[in-house]
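Subject: Structure handover

Hi,

Here is the structure for your work. Please open it alongside this note. My findings follow below.

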Amino acid sequence: MTQAGRPVPTFTTAMLASWLFFASVPLWIERVGLYQYLGVEILIFATYALAFNLVLGHAGLPSFGHGAFFGIGAYAFGLAQFNVVANLWLCLAAATLAAALSGALVAAFISHRRGIYYALMTIAFGQIFWFIAIKAHAITGGEDGLLKIARLPASLGVAAFDLKDNVALYYFVLVVFMGVSLLLWRLVHSPFGRIVKAIKQNETRARFVGYDVWRYKAAVLVISAALSGLAGALFAMAQTSAFPDVMSLHYSGYVVMMTLVGGGLVSFWGPVIGAGAFFLARDVIGALTTGWMLWFGLLFVVLVLFKPEGLAGMFASLTKRERKTAPAGAGRAQPQAGE
Amino acid sequence: MALFEAHDLHLRFGDRVVLENVSLAFEAGKLSGIMGPNGAGKTTCFNVLTGRYKPDRGRVLFDGQDITGRSPQAIARLGVARSFQLMTLFDEFTVFENVAIALPATRQRGRDGLGQAYAEPALVTEALDILDRVGLADRADAEAKSLSYGARRALEIAVALACRPKLLFLDEPTAGLGSDGRARLADLVRKLKGLLTIVIIEHDMQFLFSLADTISVIHWGQVIAQGTPAELRANPWVETSNLGRLN
């Protein structure tokens with residue numbers, strides 16, 4: 001019997017396991033010598049990297065200016081709470097919307113491009129937004145940034161949760177992360193997601209079977225930008241401020257590194273692994289030497305050279321080898337949990 | 001009136017004239033062939049007819065509609081499908097998904113970002129039926145890149161068929177196939193003949209002469225002869241050119 005058309009489960013073991021794992025982090029993170037705020041950072045960047053990977057890994061569109069959307073989300077969150085209304089939900093919505101609109105603007109210019117031209121255009125747009133953030137002093141505070149952004153309470157009508165404490169914020173970010181990962185999981189397995197995947201493999205063929213390729217490429221960028229903006233808003237809350245440096249080219253490069261190191265090209269959860277690895281490397285190697293980026297960069301080079309599938313790919317081939325040595329029948333080939 | 005007509009197509013790349021005064025007509029339900037030597041402009045002609053290039057002059061009509069200069073996707077949605085000389089498949093997809101993604105039913109759900117991709121039983125059945133027609137039903141779960149060359153040629157046609165075309169353009173479907181593969185492909189094309197209008201570019205004279213109702217010969221960007229296989233055999237132009245080998 002063919003597996004054709006078999007529905008993809010909404011919840012998978014890998015998904016529930018990763019949620020449970022993250023839910024347990026605040027219970028032990030201080031006991032292993034780390035600190036609660038690190039968990040917040042990792043989860044925010046995991047959300048960001050998942051959103052970014054929709055463009056890079058899933059649609060095959062090399063974007064090197066994604067920091068712009070993350071940063072715009074952060075600024076929009078702050079500006080909305082200063083100038084419009086200090087309500088968490090409305091400010092998060094404003095951040096998502098602002099990033100989506102900037103994504104739509106960029107998409108209008110670049111969706112007819114592909115490959116290196118697409119990449120160069122994203123860098124150019126990223127630089128433009130970064131430059132604006134630095135120069136528009138009256139709005140963004142320039143290089144000083146936007147300070148005193150409040151961690152607004154999460155009000156649910158009947159109850160309100162104060163997020164000033166890092167553990168409380170961590171659990172709030174976890175809920176957002178769960179929502180975003182569930183949404184993206186459904187998206188990549190939906191008709192829309194499969195069409196985007198087809199376009200990645202063969203744009204020409206996709207056009208000749210009747211798809212308006214550029215619309216799909218534009219839509220993917222807008223969705224990714226919106227979710228990156230949401231992550232940016234969370235980051236503004238975490239830092240209680242917003243700075244232009246997250247919009248710079250090298251910050252945009254970090255999310256590319258996280259995604260590739262983790263294995264975003266082969267695995268849905270790769271970017272999450274990559275975000276964790278990045279911040280752990282920063283803190284663990286960073287405790288030994290200020291040049292931690294040198295070592296992380298070397299790891300990146302080695303991975304790209306020898307295992308372009310990243311950490312998730314390494315893990316997949318390890319478990320595959322184990323399955324091969326397991327007694328026959330015990331390891332019936334399962335569809336890749338990561339895919 | 002013919003289902004598909006091209007009137008007086010001209011196309012130049014820089015100062016090179018690639019198509020000159022090309023007029024073609026493909027009758028509904030018939031199998032038409034296009035032949036000619038390498039570099040004669042056959043594939044370029046296909047590219048103009050299916051919207052990849054815009055002609056400098058001339059008109060393309062499908063089903064009475066002027067489709068000159070429309071985008072490939074717009075022309076595809078009207079019911080014109082094509083295969084490619086250099087194979088273009090969705091390599092990482094399974095054989096099933098290559099076909100399923102090209103079905104109009106999938107395309108109509110293109111805005112659905114939350115639902116299951118191929119959940120409707122009707123869609124699965126349709127895709128498996130098409131695979132059955134090209135002889136790939138038992139390979140439905142294989143990755144497209146794992147197929148043999150001949151099977152990939154068949155899948156290439158299956159993807160085009162999935163668009164539910166009224167008109168099917170096949171660009172050198174036997175390129176690179178051995179005699180076995182050619183025979184199998186000829187069988188497949190014979191099965192499709194009469195079910196839909198087919199236009200084939202082909203180098204293999206035997207293949208084309210045994211299948212086609214009418215054949216157009218393109219050389220130096222022009223149509224130099226047109227007719228049934230029997231008429232072409234008697235044509236002095238064809239005979240004196242290096243295409244004369246066919247006798």
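A residue is called buried if 20 or more other C-beta atoms lie within 10 Å of its own, partly exposed in between, and exposed if 12 or fewer, with C-beta atoms placed from the backbone. This is a predicted model, where local features need pLDDT of at least 70, side-chain atom pairs count only at pLDDT 80 or more, and totals for chains, interfaces and linings use all residues. Residues are numbered from 1 along each chain as its sequence is written, while chains are lettered from A and ligands numbered from 1 in the order in which they are written.

**Helix H11 of chain A**

Helices (H or I, at least four residues) and strands (E, at least two) are DSSP runs, numbered from the N terminus. H11(A) covers residues 249-262. Its 14 residues reach 20 Å from first C-alpha to last, close to the 20 Å expected at 1.5 Å a residue (1.5 Å times one less than the number of residues). Of those 14 residues, 10 are buried. Among them are A:Ser252, A:Tyr254, A:Thr259 and A:Gly262. Just after the helix, A:Gly263 has a positive phi of about 105 degrees.

**H4(A) against H10(A)**

Helix H4 (88-110) and helix H10 (213-239) of chain A have axes that come within 7 Å and cross at roughly 145 degrees. Axes are lines fitted to C-alpha atoms, for helices over the stretch in contact; angles run from 0 to 180 degrees between N-to-C directions. Contact means C-beta atoms, placed from the backbone, within 7 Å. H4(A) brings residues including A:Ala95, A:Ala99 and A:Gly103, and H10(A) residues including A:Leu221, A:Ala225 and A:Gly229. The contact has 16 nonpolar residues, seven polar and no charged. Nonpolar covers Ala, Val, Leu, Ile, Met, Phe, Trp, Tyr, Cys and Pro; charged covers Asp, Glu, Lys and Arg; the others, Gly among them, are polar.

**Chain A with chain B**

26 residues of chain A touch 35 of chain B. On the chain A side, H8(A) gives the most, with seven residues. That side divides into 11 nonpolar, 10 polar and five charged.

**Domains of chain B**

Domain 1 is 1-79 + 165-247 and domain 2 is 89-164, with bounds from an automatic or database domain assignment. Their C-alpha centres lie 26 Å apart.

Best wishes

Methods
Two residues are in contact if their C-beta atoms, placed from the backbone, lie within 7 Å.
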